[in-house]
Structures are given as C-alpha cells and as structure tokens.
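Trainee: I'd like to learn how to read a model like this one. Could you walk me through it?

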Amino acid sequence: MTTPTTIKRIAVLTSGGDAPGMNAAIRAVVRTATYHGIEVVGVRRGFQGLHQGDLRLLGPRDVANIIQRGGTMLLTARSHTWRTPEGRAAGAQHLREWNVDALVVIGGDGSFHGAHYLQQEHGIPVIGLPGTIDNDLYGTDHTIGYFTAVETALDAVDKLRDTAASHERIFVIEVMGRHAGHIALDVAVAGGAEEVFLPEDEKSLSDLMQVIHDSQARGKASSIIIVAEGYPGGGQGIADAITRDTGIDTRLTVLGHIQRGGSPVSSDRVLASRLGEGAVEALIAGKSNIMVGRTGGGLTYVPFEETWTKRKDVSRALYRCAKVLSI
Ligand code: F6P
C-alpha cells in the first residue's frame, strides 16, 4: 500500500535480541518524525510493553547522547503474550488510546511476525527496521548491529590467536548465529581461521580431521576454528571431536552475549540513521507492512512475509575464499 497519508503521531519499539545501533535507529526515527512535524511515542520492552501499555512521549532531546551507546534505551523483550490474538488486541487498544497512527518496529524476523499480525488484525500501519546481530534477514545487505558484532568477535579471535600460537594449541571459537553463519564466515575470513562451520553447510567431522592433519603437515602448530552456534553440536561438539580423534591440546571459547554489547561501530550507526529516516518517510508516503532495508547503497522496501519466507544465503564466494586462504 503506498497512498500518502497524514500521520500525526507514531510509536517506536525495539524487540527481540538487542543489537548495537538500535539506539541510533530510535534517535533517527524520533528526529526524522520531529523534522516532519510528527510526534513520537516510545514503547518500552517491545511488544510486551505494548501489551501492558508502557508508552511515553519522546522528543528530540530525549534521544540526545545515545547514538554511541549499545543496547536499547527503550529496553527489549521476547514477548509470549504477543503470540496470542488477545495480547495483540490489548496492544492495539493502547495504540488507539494514545492516538498513534503508525508503528515502527526495530528487530528481527520474530518481531516482524508480530508486526505483521498487528497490521493484519487491527489495520495499524507498521514498518520494520532490521535490528539483529545475526544479519539473517532477506532484503537488506546488512542488519543493524551486525558490523559491531563482527568487530567484537574478531577482537576476541585476535587475542585468542596469541595464546593459541604460544601454546601450539587448537582453539575452537563459537560465535553467535542460531540459524545463520554470516558472523562466523566474516570472522573466519577476517581472523584468518583454518576452518569454519556454518549452520547452512553441515560437513563431516572426518573432513575436519583431514584439515587438521593437513595443517599440521604444512607446519602449522596452532589453529583457529570458528563455529556458528547453530551448527549441530555447536563449538563443544567440534572441540570434543578433535580431542577424541586427535588427542591434540584443544580449547573451546564460547563468545556468547558479549557480541551483542558495546558501542556501535560507524557502519552500524550510519545504517541505523539512514534506515530510521527511511522508515518515517516510508510511513508518510503511505507504505506499510514492510521492512526498510539497504541493498547496494539504496533503500529497499520489502514485504514482511518475504523477510521470513525468502532466505539470505551466506556468500558462497567468501566461503570458498576462507577455504583457499587457510592453506
Ligand atoms: O539476536 C540474535 C541472537 O543473538 C542469536 O544470535 C542468539 O542465538 C540469540 O539471539 C540469543 O538469544 P537470547 O538473548 O534470548 O539468549
């Protein structure tokens, strides 16, 4: 739907796992709306807060000094009540009571499902912004938070390489990515890893043993192996297999939620700013039930359903590159 509408007040919320750059996106939404004479209401704790009616007005000064901060000033949650029609009806009622004309949801595909149902059942225009460190949303080259998560994981890999080399050990490093290996692959290439395991591509453990054997035969005394958490068995499974099959001194480090924190890098701040501006202007233009993404430098408007029915594959060229350079 793209009929220009008169919007006087919008709401914004962050939902699902937090991602560095969400604050920059909130700031961009609030300030773009103010620029166009539209009021903004912030919803705390995502859809859970919307269901409970935890809303407050946000002005441009309320979002000062947050562009550099990790986390989300609006707080976030994974809401169970929102999965029920009754939960969504209560949230829609709160939006009506606050005279909200449209909603901006910053989150991942679970959040977009919630946004889609709100629009379908209650006719409230909703726009999504891709906010997840996993970068697993179709229709945008990158998601808000991804660049920072990769930098954080890479910094840890560089440090672990120092100790791996000193002790001539194998280090298995598990990075986040429940369903997608984007973080793992970028970190593997940038960190010069010997091997990478992605949820998208199961390979046999005998292949891994061959890689380790070949590495040692080529004179490598230490190795870095990156595993996405969504790979069956995760980092623990790989580390156990190496110890069992080779007896080589192996250590496992699970990076975990540290990858979700920290000050967003410039690429995430710029992406969040651009998408936040784009979301408000898309609502003014009458767009709804879509995610605003960025591909090849330009904004894209992707129907919510496509973000979860279509898949953004990892780069096969980069996967090959990781393999070639690990020689
Ligand atoms: O937001 C994405 C993500 O960080 C995934 O990479 C990870 O699997 C999941 O969230 C962890 O979720 P929670 O914080 O609820 O444990």
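This is a predicted model: local features need pLDDT of at least 70, side-chain atom pairs count only at pLDDT 80 or more; totals for chains, interfaces and linings use all residues.

Trainee: Which domains does the assignment give for the protein chain?

Mentor: Domain bounds come from an automatic or database domain assignment. Here you get domain 1 (9–145 + 264–309) and domain 2 (146–260). Their C-alpha centres sit 34 Å apart. Domain 1 puts 18 residues into the contact and domain 2 puts in 13, where contact means heavy atoms within 4.5 Å.

Trainee: How much area do domain 1 and domain 2 bury between them?

Mentor: Buried area is the accessible area (1.4 Å probe) that two parts lose on being put together, summed over both. For this pair of domains that's about 1300 Å², with 57% of it on carbon and sulfur atoms.

Trainee: How many salt bridges does the rule find across the interface of domain 1 and domain 2?

Mentor: The rule wants a side-chain nitrogen of Lys or Arg within 4 Å of a carboxyl oxygen of Asp or Glu. It finds one across this interface. As an example of a salt bridge in this model, take the side chains of Asp-18 and Arg-260, at 2.8 Å from N to O.

Trainee: What does the UniProt annotation say about Asp-134?

Mentor: The unreviewed UniProt entry labels Asp-134 "active site". UniProt positions are given in the numbering used here, feature names are shortened, and annotations may be inferred rather than shown by experiment.

Trainee: Is Asp-134 buried or exposed?

Mentor: Buried means under 20% relative accessible area, exposed over 50%, partly exposed in between (1.4 Å probe, protein chains only). Asp-134 counts as buried because its relative accessible area is 15%. Its contacts beyond four places in sequence include Tyr-146, Arg-178 and His-182.

Trainee: Where is Arg-169?

Mentor: Look in the loop between helix 5 (146–167) and strand 6 (170–175). Helices (H or I, at least four residues) and strands (E, at least two) are DSSP runs, numbered from the N terminus. Arg-169 is buried, at 14% relative accessibility. Beyond four places in sequence, Arg-169 touches Asp-249 and Arg-251, among others.

Methods: Residues are numbered from 1 along each chain as its sequence is written. Side-chain values use heavy atoms; hydrogens and water are left out.
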